[in-house]
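I opened this model to look up its surface, its helices and its charged pairs. My entries follow in the order I made them.

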Amino acid sequence: MNPEPQNSLPDEMTANRSQTVINWSLTLLAMAAFAFWRPDIAKMLVSFVVILSILVFVHEWGHYQFARWAGMKVNRFAIGFPPFIY
């Protein structure tokens, strides 16, 4: 008598992951279509996001370093609120 294999994830979590994959796929498809039709604007938007990301990273790193220099115990460096973005 072999017991039935149990799913490691509940049905609701599996459905949520499937929906997430579908949403990301549609988003990437829309971005690719936009980049194909308007490459100049797409290039500008990508540049803006990259530069803004670098600025936010350096800003948050400043908080982290200052807290360490002030003697505070810092468990981890993170950007945004949990779940943490690595």
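Predicted model: local features only at pLDDT ≥ 70, side-chain atom pairs only at ≥ 80, totals over all residues.

Residues are numbered from 1 along each chain as its sequence is written, and side-chain values use heavy atoms, without hydrogens and water.

Burial: of 86 residues, 5% count as buried (under 20% relative accessible area; exposed is over 50%, partly exposed in between).

Helices: I found two helices and zero strands (DSSP runs, H or I of at least four residues for helices, E of at least two for strands). The axes of α1 (residues 11-37) and α2 come within 5 Å and cross at roughly 125 degrees. Contact (heavy atoms within 4.5 Å) is made by Phe34, Ala35, Phe36 and Trp37 of α1 with Pro39, Ile41, Ala42 and Leu45 of α2.

Charges: I found one salt bridge (a Lys or Arg side-chain nitrogen within 4 Å of an Asp or Glu carboxyl oxygen). Arg38 and Asp40 form a salt bridge at 3.8 Å, N to O. Arg38 counts as partly exposed because its relative accessibility is 39%.

Trp61: I placed this residue in α2 (residues 39-69). Trp61 counts as partly exposed because its relative accessibility is 40%.

Definitions and conventions:
Buried < 20%, exposed > 50% of the residue type's maximum accessible area, 1.4 Å probe, protein only. Axes fitted to C-alpha atoms, helices over the stretch in contact; angles between N-to-C directions.
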